[in-house]
Amino acid sequence: APPRSGACVPQATHWFFDPFPEGRSSWHRLCGPMKATMATMALSEHLTEPGWLAPRNGPSSSPVFPYIVGESAPMREIYARIQKVAQGDANVCVYGENGTGKELIARAIHHAGPRRERPFVTLDCATIPEGLMESYLFGHVRGAFTSAVSSRPGVFTQAHTGTLFIDEIAELSPHLQAKLLRVIQAREFTMVGGTHPQRVNVRIITATNRDLRKAVRQGTFREDLYYRIAVIHVDLPPLRERKEDIPLLVAHFLHLTAPAYQKQIRGLTARAMEALMAYSWPGNVRQLENWIEQAVVLVDQDLIDLGHFPSIARVGAAAGHPSTCSGTSLRELEKSHILDTLQRTRWNRSKAAKLLGISVRGLQYKLKRYSDEDGGLEGMPLPGSPPNGTRPLAVSQPQPFRPLRAENLGVSPS
């Protein structure tokens, strides 16, 4: 029988992680003091078929925020900051790349604070047309515009006494930035088409993947609004800066995904885990979740191998092996992989974003950043030019102006 100390127990060709009585898995304990790469190497030495097995009951998450997975030093700093921020009522701005879990952090702040029993309402500014944004924010009365057949409350009304989470705040137009600033200062607003101001009591948490300080300097974001919404900053680290959390996240996603597809998956092979640890993760945790689900769909046995990650296998084939790219920065690896994917999809951004496991908006943001920092991108089609591999439309050359005369029409003058 395996010992109850929670140690790793060899059973034939595999390792099994026995949970601690208090519910914290031994894998969780193992990855705390050790780097995940060291843990993987230590396990591989004892396997005749190297592999990594997920804990039976899934990974142990943060004891304070049970729905956030991660025990790296950057995440422990985030937990400590959330606990301090949650007890007050100051507005918070969460910064992080796409896929880092900004909404999860906002929910953690809400549920750890005094408004936990009150509503938590979200608004994604990037998904709502600019013409409808004011109605979504403040609501409208019947007859305010053509399609307003009935009154509709906005998110401020819905979040009254609770928390309003505004995602992608940098996408707001200057006009709506001014109106939002007024609501934050006066604690009141007027519905579209209405005449009576309404008092509101909400805590505002915003999120963005753009540098708002830079946007202020460029004049695209109001400085006074920035200081109102960013009383407290929470900067989320990208997945490439907390790679020791990858085994915990893999176990978490396997624990959620495998039962949904009615599969019994015990873990990953050593080379698959090493490849995941070496990858740069431009799409962060969302991309890892996408790839784990993809691997669960493709796998036919109880261990996931490198071949079940088609995208990372292509990167490894192009670079020799993910771990052999020493001397190349993570930014360059990420950029190279994104551009290679775009070339394969003939610069179809929707297809490329799906292969990369990120949103189209996230891909566009990365391309703009590369273009701004590097002075352009080699191979990117010019605006209005046809995609690679297609023939441009034939355009006739402009003909010189010819006066309308009889001889030009082929008619002999009378």
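**Side-chain contacts in a predicted model**

At 27% relative accessibility, D302 counts as partly exposed, a class that lies between buried (under 20% relative accessible area) and exposed (over 50%), with a 1.4 Å probe and protein chains only. The model is predicted, so local features need pLDDT of at least 70 and side-chain atom pairs count only at pLDDT 80 or more, while totals for chains, interfaces and linings use all residues. Residues are numbered from 1 along each chain as its sequence is written, and side-chain values use heavy atoms, with hydrogens and water left out.

**Salt bridges**

- The structure holds 13 salt bridges, each defined as a side-chain nitrogen of Lys or Arg within 4 Å of a carboxyl oxygen of Asp or Glu.
- D302 pairs with R266 in one of these salt bridges, with 2.7 Å between the closest N and O atoms.
- R266 sits in the loop between α10 (246-260) and β13 (267-269) and D302 in the loop between α12 (284-298) and β14 (303-304), so the bridge ties together parts that are 36 residues apart in sequence. Helices (H or I, at least four residues) and strands (E, at least two) are DSSP runs, numbered from the N terminus.
- R266 is also partly exposed, at 30% relative accessibility.
- A salt bridge links the side chains of D89 and R115, at 2.8 Å from N to O. D89 belongs to the loop between α3 (73-86) and β4 (92-95), and R115 to the loop between α4 (102-111) and β5 (120-124), so the pair connects parts that are 26 residues apart in sequence.
- D89 is partly exposed at 38% relative accessibility, whereas R115 is buried at 11%.
- E168 and R361 form a salt bridge whose closest N and O atoms are 2.9 Å apart. R361 lies in helix α16 (residues 360-374) and E168 in the loop between β8 (163-167) and α7 (174-186), so this pair ties together parts that are 193 residues apart in sequence.
- R361 counts as partly exposed at 28% relative accessibility, and E168 as buried at 2%.

**Aromatic pairs**

- The structure holds eight aromatic pairs; rings of Phe, Tyr and Trp (its six-membered ring) pair if their centres lie within 6.5 Å, and planes under 30 degrees apart count as stacked, over 60 as edge-to-face and the rest as tilted.
- The pair F138 and F189 is stacked, because the ring centres are 6.0 Å apart and the planes meet at 25°. F138 is in helix α5 (residues 130-138) and F189 in strand β9 (residues 188-189), so the pair ties together parts that are 51 residues apart in sequence.
- F138 is buried at 3% relative accessibility, and F189 is buried at 5%.
- F189 also pairs with F156, with ring centres 6.1 Å apart and planes at 35°, so this pair is tilted. F156 lies in helix α6 (residues 155-158) and F189 in strand β9, so the contact spans parts that are 33 residues apart in sequence.
- Both F156 and F189 are buried.
- One aromatic cluster is formed by F138, F156 and F189.

**Charge over a ring**

- R152 has its charged end over the ring of Y136, 4.6 Å from the ring centre. The criterion is that NZ of Lys or CZ of Arg is within 6 Å of the ring centre and within 35 degrees of the ring normal.
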